[in-house]
Amino acid sequence: MSRTVADIVVFTCNWDGLSCIEAAAQSRLNYPPSVKVVRVSCLSRVHSGLILKAFELGAGGVMLLGCESDSCYYEKEDRFNVKEYEKTRGVLGLLGLGTDRLRLARLPRGDGDSFVKQVTNFIAEMEQADNRIEMRNV
Amino acid sequence: MFNAKQEIKDTRIHLCLDCGKCTVVCPVARYNPEFNPRLIVQRNIEQKNRNFQDEAIWSCLNCYMCLERCNYRVEFPEFIRILRTEALSKGTQIQCTHGGSLQALMHLMAGENLRQERLCWLPPGIKLSEQYDAVFFIGCAPYFDIMFGDLEVNTLEGVKGAMRLLNRAQIPFNLLVNERCCGRDLLLQGDKEGFMALAQANMDEFNRLGVKKIITACPECYYSLKVDYPKMLGSTVAEVVYWTEVIAPLLGSGKLYLGRLKEKAIYHDPCTLGRGLRIFDSPRQILCAVDGLELVEMEQSREKALCCGASSWVYCGAANRQIQDERLAQAEATGAGVLVTSCPKCQIHLKCAQRNRNGKMPKIDIQDLAGLAARSLETRR
């Protein structure tokens, strides 16, 4: 199992999250092609099993992209996905992969710019973290 | 590849008389008529008749109840394990509980370049020895406490408690910084490859550090290190002991004393520890050594103890819930205030069942044996 920073899995909700990705495509904004987008109905569908599975398959980082807290299409609150997010971060910390490998991003509808900015920042941070790990191993 | 034919022969399944005692005592068969150990043997004994889509093989709890009753000690749980391994190799999908997160976690732990940071919870008061002659094998408790935080499980309390007791008894031990899951759940669900990766990684670590004695906190780790590792890896592991077996003799001989706790408690025998490895007395001796603690027994205890209702993170359905409900009802019938168990998984499963009993308020507190025993120490300085 080789873990490369380039592989970032983005779980996005079908609503505001996906609209950001589509807006980025429509405005022809570039982001690395290794970003794999998985569309789900709502971020509450994404539990720790799916996130850990992504890491098991070799993802370098996972981003959860969803609506802003008060504009979820299904629920009035975001308790469930925050709970799963915190839990998985804890597990990643114990595994020594680092809690930062999982990120929760909430964006307003159609904000392609912010999505591209967030995902490229995320990749840069993952690269730095990997360099640190390599330094530690030398 | 594994030699299924020889493995099946080793289970003595050909001695099965078709008497059906296994089915009578099987807790799953009582609630799920589809699951019938006797018929499963009949259907699957010939390789050509095996149907790998057969869902029944995933319901076995590996509770050893059938093995306990069988006159020829036919190893039915082992037979099921072999069938599962075969089914997985034929591409059958398993129904993993908890969204497959535990499976993913175990596979991640088998990673080669893994450098875990799993000891961040270690309390400052615990004394560790410099050498690695004796090692305390923590198990997956740090992970469980995070994963099942919403059930308010506190399996680390048991680990910390066992370490405090060992410290108090002046038994030296060290911890492995990069200890991995023992892999027993993967083995039981038929993922032999995953198990071997974890087992080999742990074995390499033991050999590298020259470990001579391993004290385990979790019954499943104990079984795995003591029985499965030598069998599957073909090499001897260091001496493996369960922590109660170390502490109980010291209590008996007066070298160690526990404190006082006013509780009425029952002990729930974990299947792996009880029927699997015949440790029934030492946990009870520890409980009896707590001053003021009244130990009562449930209707089914010791060799006849009912399983906590789920195992190896596969297949949890209505029958499992009913078994758990029955166990909790047995516990409540004793009028005890605390149910004590020494297995973190029993704690997780029973707490989960308690939470989902149709709005009934939990009447009994579920605690870890080591945590409880160590708590009593606080009353004695």
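How many residues does the contact take from chain B and from chain A? In this predicted model, the contact takes 20 residues from chain B and 17 residues from chain A. On the side of chain B that touches chain A, the elements giving two or more residues are helix 7 (101-109) and helix 8 (141-147) of chain B, and of these helix 7 of chain B gives the most, with five residues. By residue class, that side of chain B divides into eight nonpolar, eight polar and four charged residues.

**Chain B as a whole**

Chain B holds 18 helices and eight strands, and its C-alpha atoms fill a box of roughly 65 × 50 × 40 Å when taken along the principal axes. For 381 residues, a compact globule would have a radius of gyration near 21 Å, so the 20 Å of chain B agrees with that expectation. Of the 381 residues of chain B, 51% count as buried. Among the contacts in chain B between residues at least 6 apart in sequence, 80% join residues that are at least 24 apart.

**Domains of chain B**

The domain assignment of chain B gives the following three domains.

| Domain of chain B | Residues |
|---|---|
| domain 1 | residues 4-89 |
| domain 2 | residues 98-247 |
| domain 3 | residues 256-377 |

Between domain 1 of chain B and domain 2 of chain B, the C-alpha centres lie 29 Å apart, and the contact takes six residues from domain 1 of chain B and six residues from domain 2 of chain B. On the side of domain 1 of chain B that touches domain 2 of chain B, the residues divide into two nonpolar, two polar and two charged.

**An open sheet in chain B**

Four strands of chain B form an open sheet with parallel pairing, in the order 2-1-3-4. Helix 13 (residues 243-252) of chain B lies across strand 3 and strand 4 of chain B, and helix 13 runs at about 65 degrees to strand 4 of chain B.

Terms used: Residues are numbered from 1 along each chain as its sequence is written. Chains are lettered from A and ligands numbered from 1 in the order in which they are written. This is a predicted model: local features need pLDDT of at least 70, side-chain atom pairs count only at pLDDT 80 or more; totals for chains, interfaces and linings use all residues. Two strands pair if DSSP finds at least two bridges between them. Two residues are in contact if their C-beta atoms, placed from the backbone, lie within 7 Å. Axes are lines fitted to C-alpha atoms, for helices over the stretch in contact, and angles run from 0 to 180 degrees between N-to-C directions. Ala, Val, Leu, Ile, Met, Phe, Trp, Tyr, Cys and Pro count as nonpolar, Asp, Glu, Lys and Arg as charged, and the others, Gly among them, as polar. Domain bounds come from an automatic or database domain assignment. The radius of gyration is taken over C-alpha atoms; the globule rule is 2.2 Å times the number of residues to the power 0.38. A residue is buried if 20 or more other C-beta atoms lie within 10 Å of its own, exposed if 12 or fewer, and partly exposed in between; C-beta atoms are placed from the backbone.
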